[in-house]
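Okay, everyone, thanks for coming.

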Amino acid sequence: ATAVQVAAAPRDEAAASPVSTIGDGEKDSPGYFNRKMVGKIVVVGTGFMCDAYDLFVINNVLNIMGHLYHQTTGDKSMVSSTALWGAVGGQLFFGTLADYIGRRGIFVSTMILIIVGAVGSCLSFPTESFSVYQQLAFWRFILGFGVGGEYPLAASVAAENSTPQARGKAMAAVFSMQGVGQLLATGIVNIFLAAGASYELTWRFALAFGAVPAIPTAYFRAKMHESEAFKEAKTRRVSHLRNLKAAFTVWWRQILGTASTWFLLDISFYGNGLFSTTITKMMGLGSSVEQTALSSLYVVLMALPGYFCTIALLDRVGRWNLQMGGFVMLVVLFVILSAAFFHLQGYPGLFIFIYGLTYFFSNFGPNSTTYIIPGEYFPSQVKATCHGISAASGKIGAAIAGYVFPPLLDNSSFGIQGVLYVCAGVGLAGIVCTFLVPRYTANQLEDIKAAQFRKFETILQDDRRSSTIPGISSRDDVYNANASDDLNL
């Protein structure tokens, strides 16, 4: 069948199947999340929980290690950023590999790397040749490489095994596991400190715990099957480079939009996340390890509801509107924090409240939508690659913030107020770049993709090196009638 023929196919294709999938639950509503599906989302989303846990726990860990080992600003920047640079490599490498050889094996490999990186991190000790921070940076690069692969893989698996009506919510639910990881990252440190555990035990256990949820998840992922959407795309495979060339020709504007907005969002989101204890300490919210850890917990508790608001309101508000509104609120909040900075120093509780709201509107806004949109929008032939490019752009922004923010915070003429102004400017740039992001609803997406797939197929067919190319389905990442139950587990 040609792409034109497929585009004209009946729109109840997914409903024709007697097999359940995400959103095809016990109730009549195709968007209903059944109990079994929740378990599948946990398996797919555990990588995001590990991602957030490992990237955010280092904030408190470095604060604790500063009381045990000599620590410079360069040490903090190195350790904080290596996992992010590792993630950039993982997103690009595993995203491309997943489109070439499949999702299942890569999905297991990324989790194994997370386990190795987490265990190695907790076993870092200073030696004559290498400091404890240099060893920690090495292991966290490995961990970050695995974490990076989670982004394109989890997005592809969730999107390719969801009904059109439930796809956005399913992806938002998978991504919300990031919030659980953030809560664990602060919660475990606070529990150990409150129990009177030594600083040495606390930081080592906190890093090792990142491997705990990853171990059973790797087992369950090993039982997965490839999605029917990927199997179908594989039978139509041409050179992956040719697929990418055609994809960039058709979707260059959308790729630029998803990559640039993710880059800008992560500058403020991860930049503040990596150094939130430094910021709260400078605002007089406590200088001890216990007090700064507790302040971090308050911020996370304010941020967590943003994920759940996205799940509940994503389809009602719309992806584009949610992202634009989130960036607008970030600009407003960071301007308030920076303009009223000296006044807020007398009201640290009010500062932490407004500061926490920046995380809430990141999660109920661009932090979620920058993940969801590239996972929904691009076709299975290049879905993981395009999502990996977008996600890697975000981690590059986060890594840059990891290097730039510490010296800025230590600079008395710039300091927190200057960093907050930078974050406001980044949010303003995010508003501008959001106009490059595709604007659609869940119901409109299939028609939009059908038209774009015809262009995609035409470009491939015009390539002289391939005179005959099988039809390319416009619904390639929609639930297939031959797919197994929920996420093919």
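So, which residue forms a salt bridge with Arg221? That's Glu150, with the closest N and O atoms 2.7 Å apart. By salt bridge I mean a side-chain nitrogen of Lys or Arg within 4 Å of a carboxyl oxygen of Asp or Glu. The pair ties together distant parts of the chain, 71 residues apart: Arg221 sits in helix α9 (residues 214–222) and Glu150 in helix α5 (residues 132–160). Searching the whole structure turns up six salt bridges.

Quick housekeeping: this is a predicted model, so local features need pLDDT of at least 70 and side-chain atom pairs count only at pLDDT 80 or more, while totals for chains, interfaces and linings use all residues. Residues are numbered from 1 along each chain as its sequence is written, and side-chain values use heavy atoms, with hydrogens and water left out. Helices are DSSP runs of H or I, at least four residues, numbered from the N terminus.

Staying on α5, have a look at Phe145, which is in that helix. Leaving out residues up to four places away in sequence, Phe145 touches Gly86, Ala87, Gly89, Gly90, Phe93, Phe94 and Leu113; contact here means heavy atoms within 4.5 Å.

Next, a helix pair. Helix α6 (residues 167–175) and helix α13 (residues 289–317) pack at about 175 degrees, axes 9 Å apart. The axes are lines fitted to C-alpha atoms over the stretch in contact, and angles run from 0 to 180 degrees between N-to-C directions. Over 145 degrees counts as roughly antiparallel, so that's what α6 and α13 are to each other. On the α6 side, the contact residues include Lys169 and Phe175; on α13, Tyr307 and Asp315 are among them.

Last stop: Trp85, Phe141, Ile396, Ile400, Tyr403 and Val404 form a nonpolar surface patch. Helix α18 (residues 383–410) supplies its largest share, four residues, and Val404 is located in that helix.

Terms used. Helix = DSSP H or I, 4+ residues; strand = E, 2+ residues; numbered from the N terminus. Parallel < 35°, antiparallel > 145°, perpendicular 65-115°, else oblique. Patch = residues over 30% accessible without salt bridge, like charges linked within 9 Å, V, L, I, M, F, W, Y side chains within 5 Å. Areas by Shrake-Rupley, 256 points an atom, 1.4 Å probe, with all protein chains shown as cover.
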